[in-house]
Amino acid sequence: MNLKVKLQNWQHLFGMAKNAGWLSIEKALRLGTGFFIGIYLARYFGPERFSPFEYALAIVVIFRAIAGMGLRGIFVRNFVKHPEKRSLLLGSSALMIAGAGVLAFLLALLSTYLLDATDSLGLLLVAILAGQLLLYPTEVINYFFEARVQSKYTVIPRMVAYLTGVIFKLLIVWYGGTVVHLALTYLLEFTVVALLYLRAGLRHEIGFRQWRSDKATISDLFRDGKFLILAAVMVTIYMQIDKVMLVNLFSDLENGLYSFAVRLAEAFYFIPVVVQQSAFPNLVAADRRDPEEFRLKIVKLIWLLTATSLGIAFVLTFIGPWLTDFLTAGKYADSGRMLSVVIWALPFVGLGVVQSAYLIAKGLLRYSLYLTALGVLVNLGLNYFFIPAHGGIGAAWATVTSYATAAWLAAALFPATRPLFKLTMQAIFTPWKFMGGKG
């Protein structure tokens, strides 16, 4: 085999590496600056003043899953299979997300009012932060470039918007701003992203005037995505409900401490997400070419993400208390113990993104709902019993257990997902058997 043929065989990996490189640059920027900006803001506001913002953000994130309609993976899969339908996919997806965004906006406000009608600050913060849901239709442009493994065209707009937000967050601290100003900064960032996405679409001949929609495409997308919508809502519930329950079952102070620990842990969640976003189009194509090739790619992806996540979790388990105390000058000292626990959700985050890719590629979308529903039930039950007795530590243990349930253990319960469970066990415990295979 000559060099040219060898290079052609590896071309898809080069494309994935380049795409992952752009995504990693963005995440590194967010990790590098966001880590310190987050600490700066946390120290400025303190855990009790910061808690209302985290509470409002948790509510908005829960309803953001509705706005997304579970369409990211569905759009990518359908575009890879039928690139000639891009105008219909773009227009139909955007129309669905627009309607869902308005509904999610109203539901976020209603739920906040029902939880505490006297909390005028919380209602105002939710109203501002939920404004992003009305801008969500522009995300279809991001889906388009993700499907083509060309994420640089949307990474650059996000980096520009993010740096704009960083500047305003610094101004908030320097000039004595409030959490309301912080919420407005988040909305500004989403607005800049939406405008720059539209500009990127125009430059690559997918401007919104070219988008089309029809009932058949909308029906197909909804049929495929309905389980992912519910699954996404379930995922965000068990990722965010602990903050809502901490406020209502314990205290604002404990929620502020726990939220800071979660923010530090989430700084590392970008690793499995970046890898999965770059690998997913290639996984879909591999499944169409050769089931064995697809199987090997899944195993290698699980092994890579698990090994990386375990290494990070081990380190942070030991340095977590020292790290939080050092970074916040003692204001969030109790967050360190919570970080040492909640960071163990990271390996299961990696398994979760692989699981999502597998289920979408195999057309097993309803199982996304079943698996995440089990995770939610575990999370709600454990939070209900652990939070009153143990506060943030209890919430941390509930989070790790629910992640492990939804992303790993629950797959063993259903015949359709049991092959994925077996692949996961093989990837974790006997990875050397697969390292020499193609893929």
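1. Helix α10 (residues 252–266) has 11 of its 15 residues buried, so the rest of the structure largely encloses it. Buried here means under 20% relative accessible area, with exposed over 50% and partly exposed in between (1.4 Å probe, protein chains only). Among the buried residues of α10 are Leu257, Tyr258, Phe260, Val262 and Leu264. Helices are DSSP runs (H or I, at least four residues), numbered from the N terminus.

2. A word on provenance: this is a predicted model, where local features need pLDDT of at least 70 and side-chain atom pairs count only at pLDDT 80 or more, while totals for chains, interfaces and linings use all residues. Residues are numbered from 1 along each chain as its sequence is written, and side-chain values use heavy atoms, leaving out hydrogens and water.

3. The length of α10 checks out: its 15 residues should span 21 Å at 1.5 Å a residue, and the end C-alpha atoms are 20 Å apart, which agrees. The expected span is 1.5 Å times one less than the number of residues.

4. Helix α3 (residues 71–81) is also largely enclosed by the rest of the structure, because 8 of its 11 residues are buried. Those buried in α3 include Leu71, Ile74, Phe75, Arg77 and Asn78.

5. Two or more lining residues come from each of α4 (86–115) and α9 (215–249), and α9 gives the most, with 6 residues. The lining divides into 4 nonpolar, 3 polar and 5 charged residues.

Key. Nonpolar A, V, L, I, M, F, W, Y, C, P; charged D, E, K, R; others polar.
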